Amino acid sequence: MAELVPFAVPIESDKTLLVWELSSGPTAEALHHSLFTAFSQFGLLYSVRVFPNAAVAHPGFYAVIKFYSARAAHRAQKACDRKQLFQKSPVKVRLGTRHKAVQHQALALNSSKCQELANYYFGFNGWSKRIIKVPCSPWKQYGQEEEEYLSDFSLEEEEFRLPELD
């Protein structure tokens, strides 16, 4: 079955993983890199965020990982839970558990995230970020033959480029 992946910020709980029992040895930046490498093999990631454990808990970190695809998040959870991914001890991985009663409005992706998502699913050469306006003549006018009608169609290409964002 196909999955619809919208060009929107993923906020659904089935696209969010919580990873905990991360070692306190490496820095948060090193853990971010390791998590990104380990989980990106399952699908395109929207974000990887690493946080220190609360002061009342043992030293270490936990992470929140967001996928664009619920199917990719589910595969990652099953494959990585209780595994020694990049550290000596196993990590725990669970899908998010946000209550479904809370409805959030979908937020549009910024242009660089849209480009990243399109490159991942369509391939780098499979799309263009040019916006093309195609004005069409009115449909077949009364009394015109089919050949006359087809010759009235004109294609004008106007190019509009989005500004590059850093």
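**Strand pairing in the sheet**

In this predicted model, strands E1 and E4 run antiparallel and are joined by four bridges. A handy residue to look for here is Val19, whose bridge partner in E4 is Val93. Val19 also stands opposite Ala63, a residue of strand E3. The pairing of E1 (residues 16-22) with E3 (residues 61-67) is again antiparallel, and five bridges hold the count for these two strands.

Stepping back to the whole arrangement, the strands form an open sheet of four, with antiparallel pairing and the order E2-E3-E1-E4. Which strands stand at the edges? They are E2 (45-52) and E4 (92-95); each has a single partner strand, so one side of each is left without a neighbour in the sheet. From one strand to the next, the twist averages 20°.

A helix joins the picture as well. Helix H2, made up of residues 70-80, packs on the sheet and touches E1, E3 and E4. The direction of H2 makes about 150° with that of E4.

Terms used:
Residues are numbered from 1 along each chain as its sequence is written. This is a predicted model: local features need pLDDT of at least 70, side-chain atom pairs count only at pLDDT 80 or more; totals for chains, interfaces and linings use all residues. Side-chain values use heavy atoms; hydrogens and water are left out. Two strands pair if DSSP finds at least two bridges between them. Axes are lines fitted to C-alpha atoms, for helices over the stretch in contact, and angles run from 0 to 180 degrees between N-to-C directions. Contact means heavy atoms within 4.5 Å.
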